[in-house]
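Biologist: Could you take me through this model, with the cut-offs spelled out as we go?

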Amino acid sequence: MPFTPFHMGAGLAIKAVAGRHFSLLTFGVAQVVMDLQPLVGMLRGDADLHGISHTYAGAAVLGALVAVAAPVACNPILRRYNQEVKAMRLPWLASEDRISRPAAAVGAFVGTFSHVLLDSLMHADMQPLWPAAAANALLFKVDVDAVYNGCLYAGVLGLAVWLVRKYRKAGQESVLPR
């Protein structure tokens, strides 16, 4: 996929289901980290862009690094986001002010492993099971347009479900006695 945006559709769908147990922000950081190697390959003019970062072994290492580093880097972004939505009089869109370690780990590892899975469906230069196997058994098992559309639809549906849940939760909290 051309970098991160389409991958975020899967993340939005997972966020809608998993809620506070899944960090969408950490998932997004994982997507960017995964695509650093292909970006460097493009800049250098390499023929093969998806190297070790696009293997499950590489995804495990990158997921661990993101799980540790992302909360430190993302918590200030999350606090700023909360300030902005409250300033716009949309406090129901606010989140917790910090990413929990478990939510960061889930976001990071789901992010890196799903990235390898989705890219395995469309990139011929991938060897997702390296070093155990050099082949890519998933290549073109699903039409590339179907992968893009699936990510897009998952994102739209996930966003809608997340918004409805946030709105309903805020409505319930406003009528509860304090």
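Predicted model: local features only at pLDDT ≥ 70, side-chain atom pairs only at ≥ 80, totals over all residues.

Biologist: What pattern does the protein chain follow along the sequence?

Modeller: Helices (H or I, at least four residues) and strands (E, at least two) are DSSP runs, numbered from the N terminus. The protein chain has six helices and zero strands. Read along the sequence, its pattern is α-α-α-α-α-α.

Biologist: Are H2 and H3 roughly parallel or roughly antiparallel to each other?

Modeller: Axes are lines fitted to C-alpha atoms, for helices over the stretch in contact, with angles from 0 to 180 degrees between N-to-C directions. H2 (residues 24-34) and H3 (residues 36-44) pack at about 30°, their axes 4 Å apart. Angles under 35 degrees count as roughly parallel, over 145 as roughly antiparallel, 65 to 115 as roughly perpendicular and the rest as oblique. H2 and H3 are therefore roughly parallel.

Biologist: Which residues of H2 and H3 make the contact?

Modeller: Contact means heavy atoms within 4.5 Å. On the H2 side these are Val32, Val33 and Met34, and on the H3 side Leu36, Gln37 and Pro38.

Biologist: Which helix gives the largest share of the nonpolar patch?

Modeller: The patch on the surface is formed by Val32, Leu36, Leu39, Met42 and Leu43. Among these, Leu43 lies in helix H3. The largest share, four residues, comes from H3.

Biologist: Which residue is joined to Pro131 by a cis peptide bond?

Modeller: Pro131 sits in the loop between helix H5 (101-120) and helix H6 (144-175). Omega is about 10° for the cis bond, and the partner of Pro131 is Trp130.

Biologist: What value is phi of Arg89 near?

Modeller: Arg89 is found in the loop between helix H4 (56-87) and H5. Most residues other than glycine have a negative phi. Phi of Arg89 is positive, near 60°.

Methods. Residues numbered from 1 in each chain as written. Heavy atoms only, no water. Patch = residues over 30% accessible without salt bridge, like charges linked within 9 Å, V, L, I, M, F, W, Y side chains within 5 Å. Areas by Shrake-Rupley, 256 points an atom, 1.4 Å probe, with all protein chains shown as cover. Salt bridge = Lys/Arg side-chain N within 4 Å of Asp/Glu carboxyl O.
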